[in-house]
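My entries follow in the order in which I made them.

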Amino acid sequence: MHDAVEPIRSNPPMPRTLKLALVGCGAISRVHLFAIREAVPEIAITTVIDADRERAEALARETGARAFVSLEEGLASGDFDAVDLMLPHHLHEEAATRAFADGKHVLLEKPVATTLDACERIFAAWRRAGTVFMVAENTQYWPEVLTAKRLLDDGAIGEVVTVRGSYAIPPVPAFYGGDRPWRCDNAVAGGGIALDTGSHWIRPLRMLLGEIDEVVGALGRPYAAMQGESMARALLRFCSGVIGVLDGIMKDDLFVPEPMFRITGSRGEITIERSGCVLLWTDEHPTGEPIGEVGGYHRSYPGEFADFAAAVLDGRPPAAGPEMAVGELRVALALYRSAETRRWEKVWE
């Protein structure tokens, strides 16, 4: 009788953990924290940093992280591999270059910076560091946008004739409340809703139709508390020749619901509704056929963090390199120039 053979037992894989520092504990940090907790268990929040000590310590108690009041202090004494930089726009360059100098991986909230020169200095610091750099443009992972792109790629509405991106938003207190909201200060924010919120509509338009060649438009200020524009209306000429529309407005009053994106083709239309539903409108579906699951804008954040974690832990290229985010800034800057010159302005010159 043969002796029993013990089965070969392989050692379980070592846990993969990305130790992350949240830098800036304001409103957007709640959204980021939710996404990490919901979908990316390989990210461990070990450090939180905010100039407001009370706010940093409150988030530290919630996450079990250590709290610091400056990035410099966190880099000196914290334990983390990467930073999630969620700071006012005018601080992006200083924080990102400092993190790169310390060899950290960087997830940087959009925009990269408020000037092209500052963007170039950030990219130069990244190249010297050789670490992972991703810009947190969450709409790259927006489920409804990805569904619409698949429909376009499959020829569901034929050739694209035109497209419209529309965002109508109130000044949400979490982001625009308080005595001195930094988004209302041009010296800090670098612009109004075209540069800030507009990036979340410009990126999907670029994903759906390719690069934007030139812009003509006008700006307004229906929300008086904001120094920059709180209304932006623009025509976009894509490199393909297609003409699109970008419409953005912020004010206190009620808005009538309308699609966030409307893509018109030679054989139908695709709309992305504010409800988080994608509708396909064709002769076969004259009342609009729902496609995919109902999602919503905030469903884009888990994909963003999963992509960042995979880039750091697995060396997988992210869905979009950081240079892609300069395109949104370039479109906004071209719109600003057009509002002054009252003519078409090139995006890439």
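I call two residues in contact when they have heavy atoms within 4.5 Å of each other. Helices (H or I, at least four residues) and strands (E, at least two) are DSSP runs, numbered from the N terminus. The model is predicted, so I note its limits: local features need pLDDT of at least 70 and side-chain atom pairs count only at pLDDT 80 or more, while totals for chains, interfaces and linings use all residues. Residues are numbered from 1 along each chain as its sequence is written, and side-chain values use heavy atoms, with hydrogens and water left out.

**Entry 1: helix α2.** I looked up which residues of α2 (residues 53–63) are buried, and found Ala56, Leu59 and Ala60. Buried means under 20% relative accessible area, exposed over 50%, and partly exposed in between (1.4 Å probe, protein chains only). The three lie on the same side of α2 because they cover an arc of only 105° around the axis. That arc is taken from the directions from the helix axis to the C-beta atoms. On the other side of α2 I found Glu54 and Arg61 exposed. The buried residues of α2 pack against β1 (18–23), α1 (27–39), β2 (43–49) and β3 (66–68).

I then checked both ends. At the start of α2, a side-chain oxygen of aspartate 52 comes to within 3.1 Å of the backbone nitrogen of glutamate 54. I count a polar contact as a pair of N or O atoms within 3.5 Å; within protein, one must be able to donate a hydrogen and the other to accept it, and residues adjacent in sequence count only if both atoms are side-chain atoms. Glycine 64 follows α2 and has a positive phi, near 80°.

**Entry 2: arginine 66.** This residue belongs to strand β3. Arginine 66 counts as partly exposed because its relative accessibility is 48%. Neighbours within four places in sequence aside, arginine 66 is in contact with Thr46, Thr47, Val48, Ala60 and Ser77. A polar atom of the arginine 66 side chain lies 3.0 Å from the backbone oxygen of serine 77.

**Entry 3: the cores.** I take a nonpolar core as a set of buried Ala, Val, Leu, Ile, Met, Phe, Trp, Tyr and Cys residues joined through side-chain atoms within 4.5 Å. The largest has 75 residues, and Val83, Leu85, Phe133, Val215 and Ile270 have the most contacts inside it. Helix α11 (residues 326–341) gives the largest share of this core, 8 residues. A second, separate core has 29 residues, including Leu20, Ile36, Tyr141 and Ala311.

I followed up leucine 85. Apart from neighbours within four places in sequence, leucine 85 is in contact with Val23, Ala95, Ala96, Val106, Leu107, Leu108 and Glu109.

**Entry 4: the open sheet.** In which order do the 9 strands of the open sheet run? I read β14-β13-β12-β11-β7-β10-β9-β8-β15, with mixed pairing. Two strands pair if DSSP finds at least two bridges between them. β14 and β15 (345–346) are the edge strands, each pairing on one side only.

I went through part of the sheet strand by strand. β11 (residues 261–265) and β12 pair in the antiparallel sense over 5 bridges, and phenylalanine 261 has isoleucine 272 of β12 as its bridge partner. β12 (residues 268–272) and β13 (residues 278–281) run antiparallel and are joined by 4 bridges. Here glutamate 269 has tryptophan 281 of β13 as its bridge partner. β12 and β13 form a hairpin with 5 residues between them, and glycine 276 in the turn has a positive phi of about 90°. β13 and β14 (residues 289–291) also run antiparallel, over 3 bridges; valine 278 stands opposite isoleucine 291 in β14.

**Entry 5: cysteines.** With a disulfide taken as a pair of cysteine sulfur atoms within 2.5 Å, I get a count of 0. Cysteine 119 is in no disulfide, the nearest cysteine sulfur being that of cysteine 239, 19 Å away. Cysteine 119 counts as buried because its relative accessibility is 1%. Cysteine 25 is also buried, with a relative accessible area of 7%.

**Entry 6: backbone checks.** The peptide bond from lysine 110 to proline 111 is cis, with omega near -10°. Proline 111 sits in the loop between β5 (105–109) and α5 (116–129). Arginine 342, a residue other than glycine, has a positive phi, near 60°. I found arginine 342 in the loop between α11 and β15, and at 77% relative accessibility it counts as exposed.
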